[in-house]
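Visitor: Could you walk me through some of the side-chain contacts in this protein? I'd like to go slowly and ask things as they come up.

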Amino acid sequence: MKRSLAWLCVAFAISSLGACASRDGGPSQPPQAAADGTTLTAFTWQLQNATDSKGAAQPQWVRGGAAGKPAVFTFKDQRLAVTGLCNTLLAGYDIQGQQMDVSQVVSTMRACADASLMRYEREVSGRLAQVSAWRIDGSAVQAGEPPPVLTLRFQDGGQWQLQGTPTPETLYGSAGETLFLEVAAQKIPCHHPLMPDTPCLNVRTVQYDAGGLKQGYGAWEAFYESIQGYTHQAGTRNVLRVKRYTRKDVPADASRYVYVLDMVVESER
């Protein structure tokens, strides 16, 4: 069945979210944090641990999402996105030194068969509105170094610890180019010297206007690359929003481009 594309408007509308003023007051001993938030936006963050105000574990917050993995938090331009659940949660955020305020939490509103996951998603949405402070320990980017840890503190004294992974922008040193790709339901034969007898995705570009309405299509063609974060299911047509990054050092047997899934905007079986 075809999923509605109406929620795509939410993704466009989130760009208009303004930062809100931070709440008065804060925890009695607020954690320290980098004032400019550079490390915060240079990484994505996976929820790893949660405790209450007395340090007791709260494992209910660390359940797996749609793929059995922890929820992923991305902070950029005063906008927060939480992925890995049933829907994507979107919100505005504001940091003032040690304080953080999360506001206007919205969801892409896609129904899911897993009722417990939907309930967890609603609980996460409500919890985000209670964030009051933040701290980052570490800023490692190099392989082999301990990853940074983001601590979010809530109004009731509870805390979440999230582990950082460098964003593609951090790894490849550029903002990347946003593309919309329609992936056909079935793969097609392709002739790649490094991948003999391996079928390729059948892909065409899609153009949207600023309001999220389709304006046109490119030609169908075999797609020889992989898209990080995307797993194709035979019989399912998808429209993907991807980021394309240019490698600084291109291996001899690799493309100069790296494609990373940003969002599935349409899906149909």
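**Charges, rings and one valine**

Guide: Let me begin with a salt bridge, the one that Arg237 forms with Glu266, whose closest N and O atoms are 2.6 Å apart. Please keep in mind that this is a predicted model.

Visitor: Is Glu266 buried or exposed?

Guide: Glu266 is buried, because its relative accessible area is 4%, which is under the 20% that marks a buried residue. Arg237 is buried as well, with a relative accessible area of 14%.

Visitor: Which residues are linked with Arg237 and Glu266 in a network of salt bridges?

Guide: The network also takes in Glu182, Arg204, Lys214 and Glu268.

Visitor: How many salt bridges does a search of the whole structure find?

Guide: The search finds twelve. One of the salt bridges joins Asp114 to Arg63, with 3.9 Å between the closest N and O atoms. Asp114 lies in the loop between strand E5 and helix H3, while Arg63 lies in the loop between strand E1 and strand E2, so this pair connects parts that are 51 residues apart in sequence. Asp114 is partly exposed, at 34% relative accessible area, and Arg63 is also counted as partly exposed, at 27%.

Visitor: What about Lys243, what does it form a salt bridge with?

Guide: Lys243 pairs with Glu169, and their closest N and O atoms are 3.6 Å apart. Since Lys243 lies in strand E14 and Glu169 in helix H4, the pair ties together parts that are 74 residues apart in sequence. Lys243 is buried, with a relative accessible area of 15%, whereas Glu169, at 23%, counts as partly exposed.

Visitor: Changing topic: how many aromatic pairs does a search of the whole structure find?

Guide: That search finds nine aromatic pairs. In one of them, the rings of Phe43 and Trp45 have their centres 5.7 Å apart and their planes at 40°, so the pair is described as tilted. Phe43 is buried, with 3% relative accessible area, and Trp45 is buried too, with 0%. Phe75 and Tyr93 make an edge-to-face pair, with 5.1 Å from centre to centre and 90° between the planes. Phe75 lies in strand E2 and Tyr93 in strand E4, so that pair links parts 18 residues apart in sequence.

Visitor: And which rings are linked into a cluster?

Guide: Ring pairs join Trp61, Phe73, Phe154 and Trp160 into a cluster. Phe154 also has the charged end of Arg127 sitting over its ring, 3.9 Å from the ring centre.

Visitor: Last one: which residues is Val206 in contact with?

Guide: Leaving aside neighbours within four places in sequence, Val206 is in contact with Phe180, Leu181, Glu182, Lys214, Gly216 and Tyr217. Val206 lies in strand E10, and at 5% relative accessibility it counts as buried. Although Val206 and Phe180 are 26 residues apart in sequence, they are 5.2 Å apart in space, taken from C-alpha to C-alpha.

Key: Residues are numbered from 1 along each chain as its sequence is written. This is a predicted model: local features need pLDDT of at least 70, side-chain atom pairs count only at pLDDT 80 or more; totals for chains, interfaces and linings use all residues. Side-chain values use heavy atoms; hydrogens and water are left out. A salt bridge is a side-chain nitrogen of Lys or Arg within 4 Å of a carboxyl oxygen of Asp or Glu. Helices (H or I, at least four residues) and strands (E, at least two) are DSSP runs, numbered from the N terminus. Buried means under 20% relative accessible area, exposed over 50%, partly exposed in between (1.4 Å probe, protein chains only). Contact means heavy atoms within 4.5 Å. Rings of Phe, Tyr and Trp (its six-membered ring) pair if their centres lie within 6.5 Å; planes under 30 degrees apart count as stacked, over 60 as edge-to-face and the rest as tilted. A charge sits over a ring if NZ of Lys or CZ of Arg is within 6 Å of the ring centre and within 35 degrees of the ring normal.
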